[in-house]
Amino acid sequence: MIGRVNHVAIAVPDVEAASATWQTSLGAECSQPQDLPEHGVRLVFVTAPNVKIELMEPLGEGSPIVSFLGRNPDGGIHHICYEVADILAARDQLVGTGARVLGDGTPRTGAHGNPVLFLHPKDFCGTLIELEEVSG
Ligand code: CO
């Protein structure tokens, strides 16, 4: 069912500092920071040949990554996003296996403008999994 890994998201306390580290130490190409208030994050996209890396800092009250950073004050890998061709079919198949979908199970529009869902980390070895419907 799952396709390519679309991105790996890393929660960081300071996205400018993280971006500078990725550029200076790893020689990475990084985007300018982008505020996504509807997702409660400030993002930098790291260009890699085979997968996107997203560095994300909490933005605003009630950001969904505040509690994660409370447990991981230096930052850490927050989620892995897999592409699926049909997110509703993927959701129904997952629910059929007993996996839990976060929220009410209705896909939301993710950071790339595509429908996304998140799966409960307790069902996947402690890993938060995002599914993103990517056509084509
Ligand atoms: Co994501």
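V101 touches R91, V95, L117, F118 and L119, leaving out residues up to four places away in sequence; contact here means heavy atoms within 4.5 Å. The model is predicted, so local features need pLDDT of at least 70, side-chain atom pairs count only at pLDDT 80 or more, and totals for chains, interfaces and linings use all residues. Residues are numbered from 1 along each chain as its sequence is written, and side-chain values use heavy atoms, with hydrogens and water left out.

**V101**
- V101 sits in the loop between α3 (87–96) and β7 (108–109). Helices (H or I, at least four residues) and strands (E, at least two) are DSSP runs, numbered from the N terminus.
- Its relative accessible area is 17%, so V101 is buried. Buried means under 20% relative accessible area, exposed over 50%, and partly exposed in between, with a 1.4 Å probe and protein chains only.
- R91 is 10 residues from V101 along the chain, and their C-alpha atoms are separated by 7.5 Å.

**Cobalt site**
- The cobalt ion has the protein donors H7 (NE2), H79 (NE2) and E130 (OE), at 2.0 to 2.1 Å. Donors are N, O and S atoms within 2.8 Å of the metal (3.2 Å for Na, K and Ca); water is not among the atoms, so sites may look incomplete.
- The sequence spacing of the donor residues is H-x71-H-x50-E. H7 in strand β1 (residues 5–11) and H79 in strand β6 (residues 76–84) link distant parts of the chain, 72 residues apart.
- H7 and H79 are both buried, and H7 has 2% relative accessibility.
- The side chains of H7 and E130 make a polar contact at 2.9 Å. Such a contact is a pair of N or O atoms within 3.5 Å; within protein, one must be able to donate a hydrogen and the other to accept it, and residues adjacent in sequence count only if both atoms are side-chain atoms.
- Beyond four places in sequence, the contacts of H7 include V51, H79, H112 and E132.

**Nonpolar core**
- The largest nonpolar core has 12 residues, among them V8, I10, C30, V44 and L55. A nonpolar core is a set of buried Ala, Val, Leu, Ile, Met, Phe, Trp, Tyr and Cys residues joined through side-chain atoms within 4.5 Å.
- β1, α1 (15–26), β4 (41–47) and β5 (52–58) each give two or more residues to this core.
- L55 is in contact with residues including V15, A18, W22 and V46, leaving aside neighbours within four places in sequence.

**Helix α1**
- V15, A18 and S19 are buried in α1. Seen down the helix axis, the buried residues of α1 fall within an arc of 100°, so they line one face; the arc is that of the directions from the axis to the C-beta atoms.
- Cover for the buried residues of α1 includes β2 (29–30), β4 and β5.
- Exposed T24 and S25 lie on the face of α1 turned away from its buried side.
- D14 caps the N-terminal end of α1, with a side-chain oxygen 3.0 Å from the backbone nitrogen of E16.

**D86**
- D86 lies in the loop between β6 and α3 and is partly exposed, at 41% relative accessible area.
- The side chain of D86 reaches the backbone nitrogen of L88 at 3.2 Å. The backbone nitrogen of A89 is 3.0 Å from a polar atom of that D86 side chain.
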